[in-house]
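I opened this model to look up how its parts meet. My notes follow in the order I checked things.

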Amino acid sequence: MTNWLSAAFWTDLAAVLLLRDAGYNTMVVMLGAAALGGAAGAVGVFAMLRRRALVADAVAHATLPGVALGFLCAVALGLPGRSLPFLLGGATLAALAAALGILAIRNRTRLPEDTAIASVLASSFALGVVLLSIIQTLRTGGQAGLDAYLLGATAGMLRHEAITLGVFSLVIAGMIALLFKELVLVAFDSEFARAHGFAVRTLDLIILGLVLAVVVIGLRIVGLVLIVALLVIPPAAARFWTHHASVIVFIAALLGAVSAYTGAAVSAVHPQTPTGAVIVLVAFALLLISVAFGSARGLLPRAIGRARLRAQGSAP
Amino acid sequence: MLAPAPSSKIRAEPAGAMTPPIAVRDLTVLYDGRPALEEVSWDAPPEGLVAIVGPNGAGKSTLLKTILGLVPQAHGTITIDGKPAGRGERIAYVPQRSSVDWDFPATALDVVTMGLYRRIGWLRPIRRADHEEARRHLDAVGMADLADRQIGALSGGQQQRVFVARALAQNARIYLLDEPFAGVDATTSRIMTDVFRGLRENGSLVVVVHHDLGSVASIFDYVMLLNRRLIAAGPTATTFTPANVATAYGMPQEPHPLPLAPVC
């Protein structure tokens with residue numbers, strides 16, 4: 001066990017964070033995680049502004065049965081159960097099914113959207129838990145590694161996996177740069193966007209697709225239980241620093257990248273740590289700092305502004 | 001370069017015939033199965049300022065949204081400049097203030113620039129010239145000084161003027177505005193009236209959902225009285241009569257109102 005209070009832990013962590021003492025593999029994994037965190041933060045801005053955070057959470061939880069079915073399919077075909085294409089392919093299909101399920105429930109039944117989301121989230125996660133318990137009884141290897149998809153892990157991650165995740169994240173960043181103006185428009189005022197001749201449904205599908213991509217790519221590092229945090233917390237924190245949508249995207253990407261990078265570094269020093277949990281805690285710490293000190297609407301700058309106004313008001 | 005010969009389709013239309021910019025025929029719109037609008041037929045005047053007046057729930061906003069293609073129609077047709085209503089840049093739109101998320105990370109200038117997006121085009125970045133044009137539209141509503149304010153930090157009247165500036169940026173010939181005068185200050189009211197009159201000078205059609213009966217006659221050339229059915233429509237002087245107003249506001253709210261004698 002690593003002693004969290006020992007000086008050695010912190011010096012090791014500092015060395016890894018600064019890439020001084022990190023092995024090549026660790027370095028690649030950390031940079032891959034940072035790329036994912038950045039993409040998640042940027043995509044999360046649009047999920048937040050278009051109020052799709054809960055859908056993202058449901059879709060993430062719904063990947064569990066997909067991962068389990070992917071594992072079972074791979075085993076049935078005589079392949080190693082934990083092959084990435086099967087697991088992520090299963091996750092993608094399950095996430096799509098969940099998104100369609102939410103839409104169908106909302107549009108056909110008159111149940112409110114949050115009810116539809118909560119039912120799909122819980123029931124698909126339950127299905128995943130049952131499938132996992134079946135997998136545990138199989139006499140094939142590799143079941144243990146599936147835990148990584150629940151809470152995230154970077155230990156044992158291969159270099160080419162990390163590079164794949166990094167490249168995917170950069171593709172996502174490129175799409176946001178290309179569609180930035182349209183995505184902001186639909187998030188701000190979808191009726192105006194439609195009246196103005198923009199394909200709102202297509203843009204909504206693109207936002208959902210980006211969210212889905214981040215969820216699936218992030219499963220391996222952050223885990224499906226917590227990935228929504230990486231979509232929600234950095235944008236929420238970024239909102240405290242600026243009133244400009246474009247700047248929010250940059251700050252959210254930066255905060256997401258820093259969180260994921262730090263999480264991966266802690267895992268490198270202390271491999272038993274669930275990476276996803278550390279990433280989320282770092283992100284939350286950054287949120288608290290932003291709430292307190294954010295230059296646009298942080299509590300402290302606002303208090304100072306009010307005090308200054310009052311001082312001017314009482315001046316003779 | 002010679003322009004291609006005009007297509008025979010365009011030629012086939014009767015030359016000089018006044019096609020109304022907006023023509024509504026037998027329009028019925030349902031909300032949750034109940035009629036919000038019933039068999040409304042209306043030809044907009046070619047240009048000028050039109051007030052849509054009627055009690056709450058009369059379907060005024062619904063009519064605007066149906067013309068814009070935002071609400072499905074159960075029955076009837078709408079044509080814009082003689083062509084079936086689709087969606088497009090031909091109509092500028094100012095939604096009700098209550099429908100906007102004022103916490104959104106956008107400045108006044110950002111919002112006005114959105115009115116230019118159609119002309120900037122898909123996937124193309126916003127250029128400096130676009131921001132300069134947006135600034136000119138803000139200036140037209142007396143808001144140039146506040147261009148860089150977050151929209152939530154503006155007063156209600158200033159917010160309304162930002163959205164009028166966005167409509168100006170759309171550079172359309174038809175303007176639809178949903179209750180722009182609701183709860184705004186006197187300055188905003190005066191500036192908006194001037195802007196609308198300027199648009200009329202340019203030959204534009206400005207259709208405004210309006211709640212203040214007292215100012216209808218002083219601002220608007222035409223009026224449309226609506227209460228799920230069309231009560232009356234025409235020039236303000238002849239249409240905005242106490243009798244018509246009483247019919248529009250006094251009608252019972254049952255699903256099947258008493259049949260009315262046609263009003264012209």
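**Chain contact.** I started with the two chains. I found 21 residues of chain B in contact with 20 residues of chain A, where contact means C-beta atoms, placed from the backbone, within 7 Å. On the chain B side, β6 (91–94) and α4 (117–120) each supply at least two residues. Helices (H or I, at least four residues) and strands (E, at least two) are DSSP runs, numbered from the N terminus. I then sorted the chain B side by class: 14 residues are nonpolar, 4 polar and 3 charged. Here Ala, Val, Leu, Ile, Met, Phe, Trp, Tyr, Cys and Pro count as nonpolar, Asp, Glu, Lys and Arg as charged, and the others, Gly among them, as polar.

**Ground rules.** This is a predicted model, in which local features need pLDDT of at least 70, side-chain atom pairs count only at pLDDT 80 or more, and totals for chains, interfaces and linings use all residues. Residues are numbered from 1 along each chain as its sequence is written, while chains are lettered from A and ligands numbered from 1 in the order in which they are written.

**Confidence.** I checked the scores next. The predictor gives the complex an ipTM of 0.83 and a pTM of 0.86. Chain A has an average pLDDT (the predictor's confidence in each residue, from 0 to 100) of 89, and 97% of its residues score at least 70. Within chain A, helix α1 (residues 7–17) has the lowest confidence, with a mean of 83, and helix α11 (residues 227–238) the highest, at 95. Chain B has a mean pLDDT of 87, with 87% of its residues at 70 or more. I marked two stretches of chain B. Residues 1–16 are below 50 and have 2 contacts beyond near neighbours in sequence. Residues 252–264 are also below 50, and this stretch has 7 such contacts.

**Domains of chain B.** I looked up the domain assignment, which is automatic or from a database. It gives domain 1 (17–90 + 174–254) and domain 2 (101–171). Their centres, taken over C-alpha atoms, are 25 Å apart. I found 11 residues of domain 1 in contact with 11 residues of domain 2. Helix α7 (residues 186–201) gives the most to the domain 1 side, with 5 residues. That side has 6 nonpolar, 3 polar and 2 charged residues.

**Helix pair in chain B.** At what angle do α5(B) and α6(B) pack? I read about 130° between α5 (residues 128–140) and α6 (residues 156–169), with axes 8 Å apart. Axes are lines fitted to C-alpha atoms, for helices over the stretch in contact, and angles run from 0 to 180 degrees between N-to-C directions. The pair is therefore oblique; under 35 degrees is roughly parallel, over 145 roughly antiparallel, 65 to 115 roughly perpendicular, and the rest oblique. The crossing is right-handed, meaning that the near helix is turned clockwise from the far one by less than a right angle. From α5(B), E133(B), A134(B), H137(B), L138(B) and A140(B) meet A165(B), L168(B) and A169(B) of α6(B). That contact has 6 nonpolar, 1 polar and 1 charged residues.

**Helix pair in chain A.** I ended with α12(A) (residues 245–269) and α13(A) (residues 275–293), which pack at about 140° with axes 8 Å apart. That makes α12(A) oblique to α13(A). Their crossing is right-handed. Among the contact residues are L255(A) and V266(A) of α12(A) and V278(A) and L286(A) of α13(A). By class I noted 9 nonpolar, 5 polar and no charged residues.
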